[in-house]
Amino acid sequence: VKVDSAPMLVVEQGQVAVIKSYVGLAEESGRVIAGEQFKFGTLVRPGHRGIWKEPLRTGKYAINPHCYNAEIVPTIILTLNWAKALSKAHELDANLSPIDAKSREGFMFHIDLQVQIHVADTEAPFVISMVGTMSNLVNEVLQPAVGNHFRDKLQSMPAVKFIETRQQVQEEAFKHIQDHLGKYKVETKGTYIQ
């Protein structure tokens with residue numbers, strides 16, 4: 001027998017921990033969601049093998065890191081910056097940079113953008129089941145959707161019109177991002193062209 005000490009899992013206020021369990025009862029008996037309506041794995045009740053439907057909330061937990069993996073999900077409103085500056089509260093936007101796009105006449109634009117998103121604590125297991133990590137959500141889901149939307153929009157209009165209708169472009173971007181992230185059960189709270 002070998003004993004390893006490990007730090008307790010700490011879940012701070014404004015976070016939940018989604019547990020991926022590699023041990024426990026067979027998923028058939030604990031299955032909560034699977035089948036036709038949900039194609040991203042199986043969410044199970046705590047104590048079963050799979051992603052637990054109930055996240056762990058604020059507190060300290062004695063979790064064996066060899067048997068369970070905890071994915072910390074912020075439940076506060078996150079501000080992601082497509083800019084040179086990073087958010088001080090988190091590093092999820094570390095790989096985001098200003099969006100480079102050309103107008104219809106070929107003028108280059110460097111667009112600094114801010115997007116505010118929110119993952120509800122009850123939806124965190126669904127989000128993690130679909131994308132794996134919060135970093136994947138930002139870099140593999142949100143970044144391509146935002147960048148392509150602005151490139152497509154800017155290429156379809158003259159530079160002067162883009163500047164004149166900035167508020168309308170911002171509102172259309174908000175709607176596009178809201179619809180796209182809604183598929184992942186993530187709320188969009190705001191989209192702002194800087």
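How far apart should the ends of helix α5 (residues 166-182) be, at 1.5 Å a residue? The 17 residues of α5 should span 24 Å, and the end C-alpha atoms are 24 Å apart, so the two values agree. Keep in mind that this is a predicted model.

**View 1. Helix α5 and its buried residues.** Look along α5 and you'll find Val 169, Gln 170, Ala 173, Ile 177 and Leu 181 buried. Seen down the axis of α5, these buried residues fall within an arc of 100°, so they line one face of the helix. And what do they pack against? The partners are β11 (113-118), α3 (134-155), α4 and β12 (187-193).

**View 2. Helix α3, with a bend at Leu 142.** Here's one of the packing partners of α5. The bend in α3 comes to about 40° at Leu 142, and Pro 144 follows within four residues. End to end, the 22 residues of α3 should span 32 Å at 1.5 Å a residue; the end C-alpha atoms sit 30 Å apart, which agrees. Leu 142 itself is on the list of buried residues in α3, which also includes Met 134, Leu 137, Val 138, Val 141, Phe 150 and Leu 154. Asn 139 and His 149 are buried in α3 too.

**View 3. Phe 109 and Phe 162, another edge-to-face pair.** The centres of these two rings are 5.2 Å apart, with 70° between the planes, and the pair is edge-to-face. Again distant parts of the chain are linked: Phe 109 sits in strand β10 (residues 108-111) and Phe 162 in helix α4 (residues 159-164), 53 residues apart. Phe 109 is buried, with a relative accessible area of 16%, and Phe 162 is buried as well, at 5%.

**View 4. A lysine over a ring.** Zoom in on Phe 126 and you'll see Lys 185 lying over its face, at 4.9 Å from the ring centre.

Terms used
Residues are numbered from 1 along each chain as its sequence is written. This is a predicted model: local features need pLDDT of at least 70, side-chain atom pairs count only at pLDDT 80 or more; totals for chains, interfaces and linings use all residues. Side-chain values use heavy atoms; hydrogens and water are left out. Rings of Phe, Tyr and Trp (its six-membered ring) pair if their centres lie within 6.5 Å; planes under 30 degrees apart count as stacked, over 60 as edge-to-face and the rest as tilted. Helices (H or I, at least four residues) and strands (E, at least two) are DSSP runs, numbered from the N terminus. Buried means under 20% relative accessible area, exposed over 50%, partly exposed in between (1.4 Å probe, protein chains only). A charge sits over a ring if NZ of Lys or CZ of Arg is within 6 Å of the ring centre and within 35 degrees of the ring normal. The expected span of a helix is 1.5 Å times one less than its number of residues. The arc is that of the directions from the helix axis to the C-beta atoms. Contact means heavy atoms within 4.5 Å. The bend at a residue is the angle between axes fitted to the seven residues ending there and the seven starting there.
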